[in-house]
Amino acid sequence: MNDLVWHHLHLCPRGNPDEVIRDCALAVHDGKLVWLGPAQALPVQYAAWPREDLGGAWVTPSLVDCHTHLVYAGQRADEFALRLAGASYEEIARRGGGIVSTVRATRAADEETLLRASAARLEPLLAEGVGAIEIKSGYGLELASERRMLRVARELARRYPVSVYTTFLGAHALPPEFAGRADAYIDEVCERMLPALADEGLVDAVDVFCERIGFTLAQSERVFEAAARRNLPVKMHAEQLSLMGGSALAARYRALSTDHLEFLDEAGVAAMKEAGTVAVLLPGAFYFIRETQLPPIELLRRYEVPIAIATDSNPGTSPATSLLAMLNLGCTLFRLTVPEVLQGVTTHAARALGQSARHGVLEVGREADFVAWSVDTLAELAYWIGRPLAARVVRAGVTVHRAQWPQAAGAFTKAEGA
């Protein structure tokens with residue numbers, strides 16, 4: 001259907017619940033918004049268009065998950081159980097666990113296996129209203145496997161109604177075959193892997209894990225320099241476990257984002273503000289590894305650094321497939337406000353991907369990508385844990401997901417003998 005007016009809705013066009021249009025209407029032509037505003041002000045030229053009643057739903061832009069490691073093989077639930085039973089990370093690593101186990105499983109998996117496993121993690125995110133997602137490589141740590149991961153990410157975009165942005169994270173960890181030779185591995189990342197993958201059109205951005213258990217500032221800068229030679233934007237896993245100064249380095253390269261940031265200091269915050277770098281907070285990882293060092297929320301607010309929220313979906317530290325759950329964790333663990341977390345998965349998350357022109361906002365001229373929520377107030381999006389809230393997900397004016405749960409109380413029947 002080319003022309004359609006969506007009506008009987010309340011609109012939050014920029015993800016900020018302090019800026020809403022009640023009793024709103026949206027006019028969509030060929031998948032793009034051509035008008036939005038109070039329903040009573042609908043221009044006469046749209047009055048005869050077919051209409052779709054959203055039943056008083058709240059509507060926001062489609063959500064953006066701007067930091068994930070969604071493509072990998074295997075899982076690490078047994079390691080989780082071992083940690084709970086008292087095993088240390090070092091003990092688990094000696095048993096062949098940790099990131100090495102995910103690398104081993106991912107290298108052994110063919111594209112179809114990776115695709116099936118990754119699709120199972122993507123689908124619940126789409127049902128929650130995610131319309132754009134970043135997917136990193138970084139569990140192959142050699143060219144063929146990194147290529148396979150990125151090809152699967154591209155294939156997910158072809159098979160599902162979602163915009164996928166790929167990030168090359170070859171500098172995620174040191175592969176076993178390069179043990180003790182980190183500089184040599186960075187040579188491989190910068191001189192062989194990144195050029196090949198970029199030439200194949202598989203890379204939208206480049207990331208590096210700058211940390212004591214990752215890569216040094218000097219090694220990280222070499223990765224950034226290699227990205228610059230390919231005109232690729234950069235981002236960084238920074239200040240998660242210690243203060244390394246990675247955020248300030250990333251800001252010098254005008255990074256799209258720096259992510260985690262529990263140990264970020266004021267100098268890093270100031271550098272991010274000057275560079276326009278987004279702070280991506282990952283409450284799922286904070287929760288899962290039982291971190292106690294909170295990100296410097298008040299500093300980020302004081303410097304007006306935009307804050308995004310993401311799942312960090314990965315097998316080791318954030319096995320999360322719910323972006324809405326991250327809103328709750330962002331509020332409860334980081335003391336963020338409802339407007340902060342909602343903008344953190346819309347406008348600011350889009351900015352963290354360098355895609356502000358395509359995602360995160362509903363306005364005339366943009367694609368009609370939105371979610372109709374079965375809630376009375378937008379605060380419910382950060383309030384409920386595990387309750388399905390997206391009544392309808394719309395991309396380019398077409399409904400791509402509609403809630404299947406029963407709408408009437410008492411719709412479930414008690415089983416015989418229960």
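The chain is divided into domain 1 (3-61 + 361-402) and domain 2 (63-73 + 102-353), with bounds that come from an automatic or database domain assignment. This is a predicted model, in which local features need pLDDT of at least 70 and side-chain atom pairs count only at pLDDT 80 or more, while totals for chains, interfaces and linings use all residues. Residues are numbered from 1 along each chain as its sequence is written, and side-chain values use heavy atoms, with hydrogens and water left out.

The centres of the two domains, taken over C-alpha atoms, are 30 Å apart. In contact terms (heavy atoms within 4.5 Å), 22 residues of domain 1 meet 20 residues of domain 2. The area buried between domain 1 and domain 2 is about 1,600 Å², and carbon and sulfur atoms give 66% of this area; buried area here is the accessible area (1.4 Å probe) that two parts lose on being put together, summed over both. Leu-381, Ala-382 and Arg-395 supply 30% of what domain 1 buries against domain 2, more than any other three residues. The count of salt bridges between domain 1 and domain 2 is zero, a salt bridge being a side-chain nitrogen of Lys or Arg within 4 Å of a carboxyl oxygen of Asp or Glu.

Ser-163 lies in strand β7 (residues 163-171); helices (H or I, at least four residues) and strands (E, at least two) are DSSP runs, numbered from the N terminus. With a relative accessible area of 10%, Ser-163 is buried, where buried means under 20% relative accessible area, exposed over 50%, and partly exposed in between (1.4 Å probe, protein chains only).

From β7 the chain crosses to strand β8, and β7 and β8 run parallel, joined by three bridges; strands pair if DSSP finds at least two bridges between them. Ala-171 stands opposite Val-208 in β8.

β9 pairs with strand β10 (residues 257-260) in the parallel sense over four bridges, and Asp-259 in β10 is the bridge partner of His-237. Together with helix α8 (residues 246-252), β9 and β10 make a right-handed β-α-β unit.

The loop between α8 and β10 holds Arg-254, which has a positive phi of about 55° although it is not a glycine. Most residues other than glycine have a negative phi. Arg-254 is partly exposed, with a relative accessible area of 47%. Asp-30, in the loop between β2 (21-29) and β3 (32-38), is not a glycine and has a positive phi of about 50°.

Side chains of opposite charge can pair when their charged atoms come close. A search of the whole structure finds 24 salt bridges. Arg-107 forms one with Glu-177, the closest N and O atoms being 2.8 Å apart. Here Arg-107 in helix α3 (residues 99-108) and Glu-177 in the loop between β7 and α6 are 70 residues apart, so the pair links distant parts of the chain.

Asp-204 and Arg-154 also meet in a salt bridge (3.1 Å, N to O). Asp-204 lies in the loop between α6 and β8 and Arg-154 in helix α5 (residues 143-159), so this pair ties together parts that are 50 residues apart in sequence. Asp-204 is partly exposed at 28% relative accessible area, whereas Arg-154 is buried at 18%.

Within helix α6, Arg-192 and Glu-188 lie four residues apart, about one turn of the helix, and form a salt bridge with their closest N and O atoms 2.8 Å apart. Salt bridges that share partners join Glu-134, Lys-136, Asp-207 and Lys-235 into one network.

Key
A crossover is right-handed if, with the strands pointing away from the viewer, the path from the first strand over the helix to the second runs clockwise.
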